[in-house]
Amino acid sequence: MTTAGGATKRRRGRRKGRTKTLKTKPLQPESNHHKNLSTAIPALITATSAARSFLRRHDVHLLPSQALTLESLLSSTSRSLFHLLSLVSIPIPPSPTPPPPQQNWFDRFLATSPDYDPRWVQFFNLSKSSFTLLLRLLTPSLTSSLHPLLPNAALAATLFRLSHSASFSAVSRRFSLDSRTACRAFYSVCRAIVENLGHLFEFSSDINRIIVGFGWISLPNCCGVLGLEKFELEGDLIGENECLLVQALVDSEGRFLDVSAGWPGSLKPENVLKRSKLFTGIEESKEYLNGPAFELNAGNSIPQYILGDSCYPLLPWLLTPYGGKNRNLDSPEMAFDEVHCKGMELVGTAFAKVKKRWKLVGRKWNEQCIEAFPFVIVACCLLHNFLIKCSEVLPEENTEGYNVREFMKFDGEDSESGKSTRDALASHLSRVSQR
């Protein structure tokens, strides 16, 4: 009789003496797929190098959108090729001999640019004469902060980045700068614009011109139109629809008269207004709106005022729309709201032009740059005014696709004095429209 233990030992003994034979396949010749890759990858690398060489030779003759798109595609192609090479056992072909050193993009542009070169507008959104004037205004603030970088290169690099939403690496390649210097130059120029062009916000200095301008569009004694705009943000630490609010006052020609930037999107519009310097200057010191009233035919008078969006409260100096429904089409209230709506379009169009002309502020900004973003927005608003001041003839931006920002209507208590002023203006506008 055998025991279980004995049987187990015998089985173990048989296993111990058994050897496992591994079957190996004979080495196969290189597959057709591998041969195809060995031929295709070097050809792609050669083609990419040729495209880069073409870009270096002709970049001053390409539109910025064309050059930036080509750069992006070449960079993406190069990364994909080297990633593919790391996955297959194909030797990396030798890199082509780099071209001899040459002038950077901006120096080559200056060397080939005549006085009336349309490429100035294509590259920097302003003519050479306006660039020269702007450079003269900013140079005293840039010479010390950017040495040894020349002020003209710093200004050109900043305008190129603002105009085309170019990355710091793209700017660095064009101006022979490292990314850190390009970043420092960008914010130094934006700071110089705010410090040296602040007088172009003319609300307190040129009120008579502003009133005359609105008089031509049947708004007597109007000192501006006040509205809000959202500038979008992105990042892991903020909400999906997080944004910054920018409050602006504009005149009848779309100039910015006052800009207050950097308010969190969660803040109510009436709170943005009350915390702004514009509100403080008008409400507390009466610094701005203290001119003579406009006398109407009916014996009434209209003091100086500002048109405001419906998200704001009705104040003695801030007139918001009636906004009610089921009104008579020929009523004074309807006449006022129609003119008010056209006035508010001035704010929307001004913001739309800033975003389309200076594309950098029209895209989402990363949360890491949130502190600098309001500063850059103000600089772009001042550049907008500067171009109007210089009578720059630029292609009209298509603002048809611009969506007017909707804010919750103010539901608080309205000023009785504001109601009286609005009613008087509404009656005046109704009589004018019936003539």
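A residue is called buried when its relative accessible area is under 20%, exposed when that area is over 50%, and partly exposed in between, computed with a 1.4 Å probe on protein chains only. By that criterion, 45% of the 435 residues of the protein chain count as buried.

The model before you is predicted, so local features need pLDDT of at least 70, side-chain atom pairs count only at pLDDT 80 or more, and totals for chains, interfaces and linings use all residues. Residues are numbered from 1 along each chain as its sequence is written, and side-chain values use heavy atoms, with hydrogens and water left out.

The protein chain contains 15 helices and eight strands; these are DSSP runs, helices being H or I of at least four residues and strands E of at least two, numbered from the N terminus. Taking contact to mean heavy atoms within 4.5 Å, residues 24 or more positions apart supply 68% of the chain's contacts with a separation of 6 or more.

I turn to helix packing. Axes here are lines fitted to C-alpha atoms over the stretch in contact, and angles run from 0 to 180 degrees between N-to-C directions. Helix α7 (residues 151-164) and helix α9 (residues 179-196) have axes that come within 9 Å and cross at roughly 90°. The two are therefore roughly perpendicular, a term for angles of 65 to 115 degrees; under 35 counts as roughly parallel, over 145 as roughly antiparallel, and the rest as oblique. On the α7 side the contact involves A154, L155, T158, R161 and L162, and on the α9 side A185, F186, V189 and C190.

The second pair is helix α13 (residues 332-357) and helix α15 (residues 416-433), packed at about 90° with axes 8 Å apart. This makes α13 roughly perpendicular to α15. Among the residues in contact are F336 and V339 of α13, and L425 and L429 of α15.

Next, one histidine. H384 belongs to helix α14 (residues 373-389) and, at 4% relative accessibility, is buried. Its side chain reaches the backbone oxygen of G254 at 3.0 Å. Beyond neighbours within four places in sequence, H384 touches G254, F256, A350, K353, V354, R357 and W358.

Finally, the cysteines. The structure has zero disulfides, a disulfide being a pair of cysteine sulfur atoms within 2.5 Å. For C222, the nearest cysteine sulfur is that of C223, 6.5 Å away. C222 is buried at 0% relative accessibility, whereas C390 is partly exposed at 24%.

Conventions: Polar contact = N/O pair within 3.5 Å; in protein donor to acceptor, adjacent residues only side chain to side chain.
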